[in-house]
Amino acid sequence: MSARNVYLVGSVPMADAATVFETVSAAVGPLLLTLPDGETGERLDWITWLEPVFRDNPAFELSPETFQLHGLAAKHRRYQLKPGISVSDVRFDNLFYADIARQSYATFSALKRAGKIPPQVKFQIDLVPAHSVIWLFVQEGLQRAIDSIYNDAVLREIDKIAAALPHDDIAIQFDIASAVFARLERDQPSPYGATKTEMQDTFSKIVLRLANHVPADIDLLFHFCYGDAGHRHVIEPTDMGDMVDYANRLAGQIERPIAQIHMPVPRDRSDAAYFAPLQRLRLPSSTRLCLGLVHYTDGLEGTRKRLETARQFVRDFGVATECGFGRRDPATIPALLRLHADIAALG
């Protein structure tokens with residue numbers, strides 16, 4: 001049985017993109033299909049680096065409303081519109097994704113030409129749709145109105161990336177995070193719908209708009225996530241049901257190919273009940289499934305148990321962690337990469 005492919009979600013706590021590219025390629029290069037720049041520096045903590053987009057925006061000011069991610073003690077103050085400002089006045093200009101992607105790709109392509117990155121590997125660019133960003137930064141009552149305006153800016157970032165970088169050497173990933181899946185798991189009313197069905201429909205339409213804007217000759221990836229604040233989910237998934245339903249919606253409605261969908265597997269879930277919804281997963285043969293079942297804490301033994309249970313319901317899938325490495329102790333990364341290689345080799 002051939003080795004499974006290895007996938008990195010996004011962040012890697014190393015000095016810079018070059019170090020990430022070289023270190024990861026040396027450890028698992030032959031198993032990779034895409035490779036992110038590690039979201040190093042201020043980007044390691046996922047979207048918190050985007051606060052200046054709101055702080056420096058002339059339409060916004062801090063509000064008294066706070067938001068606290070499960071697993072973290074700190075509360076984050078959300079933003080509100082300034083007096084006299086209406087939603088129609090709001091605009092988001094540079095979100096910096098394209099600027100960063102151009103810089104990182106220059107390093108990526110140079111290392112690839114030097115033979116330090118395998119030829120099959122594409123540069124992975126991770127984007128975050130509005131619903132996951134404004135969940136942290138914008139008052140809840142404003143979120144639905146601001147969503148499409150922020151996503152207008154995401155569309156412009158896609159255009160800039162597509163204009164600047166070679167389509168056959170890059171992949172664009174959308175991080176569909178706990179702002180979606182925690183709400184679905186809780187099945188509580190939100191700005192995006194009064195029921196789980198309404199929210200599934202709303203979130204799907206939002207992401208369809210973004211996904212269909214990615215040129216068809218650029219690989220399209222999705223990372224599903226329940227959060228990684230203090231190495232804890234915002235809420236624990238009951239099983240893979242919400243992710244499977246959402247994946248089926250995307251696969252059935254997006255007008256262009258999806259290269260990969262990644263779904264997390266909690267460390268304590270090696271039971272069949274967690275994986276059973278995969279029986280109703282309906283992905284086209286051109287779409288890879290990747291399962292985030294690699295966990296450093298219980299190593300090869302625990303990861304093997306999750307792999308063996310997953311095999312009862314689906315045979316062809318890549319392996320990854322649940323989320324990015326950014327909140328990890330950097331000293332653990334070499335062993336974590338070896339674990340990826342070891343579990344992939346089991347086929």
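What is the relative accessible area of Arg 55?

A: Arg 55 has a relative accessible area of 49% and is partly exposed, where buried means under 20% relative accessible area, exposed over 50% and partly exposed in between (1.4 Å probe, protein chains only). This is a predicted model, in which local features need pLDDT of at least 70 and side-chain atom pairs count only at pLDDT 80 or more, while totals for chains, interfaces and linings use all residues. Residues are numbered from 1 along each chain as its sequence is written, and side-chain values use heavy atoms, with hydrogens and water left out.

The side chain of Arg 55 meets that of Asp 56 in a salt bridge, at 3.0 Å from N to O; the term requires a side-chain nitrogen of Lys or Arg within 4 Å of a carboxyl oxygen of Asp or Glu. Asp 56, with a relative accessible area of 52%, is exposed. Side chains of opposite charge can pair when their charged atoms come close.

A search of the whole structure finds 16 salt bridges, and another of them joins Glu 65 to Arg 78, with the closest N and O atoms 2.9 Å apart. Because Glu 65 lies in strand 2 (residues 60–67) and Arg 78 in strand 3, this pair ties together parts that are 13 residues apart in sequence; strands (E, at least two residues) and helices (H or I, at least four) are DSSP runs, numbered from the N terminus. Glu 65 is partly exposed at 25% relative accessible area, whereas Arg 78 counts as buried at 4%.

Phe 54 counts as buried, at 0% relative accessibility. Across the whole structure a search finds 21 aromatic pairs, and in one of these the rings of Phe 54 and Phe 60 have centres 5.9 Å apart and planes at 65°, so the pair is edge-to-face. For this term, rings of Phe, Tyr and Trp (its six-membered ring) pair if their centres lie within 6.5 Å, with planes under 30 degrees apart counted as stacked, over 60 as edge-to-face and the rest as tilted. Phe 60 is buried as well, with a relative accessible area of 2%.

Since Tyr 105 lies in helix 3 (residues 97–113) and Phe 123 in strand 4 (residues 122–127), the pair ties together parts that are 18 residues apart in sequence. Tyr 105 is buried, with a relative accessible area of 11%, and Phe 123 is buried, with a relative accessible area of 2%.

The loop between strand 3 (76–81) and helix 3 holds Phe 96. Phe 96 has a positive phi of about 75° although it is not a glycine, and at 34% relative accessibility it counts as partly exposed. Most residues other than glycine have a negative phi.
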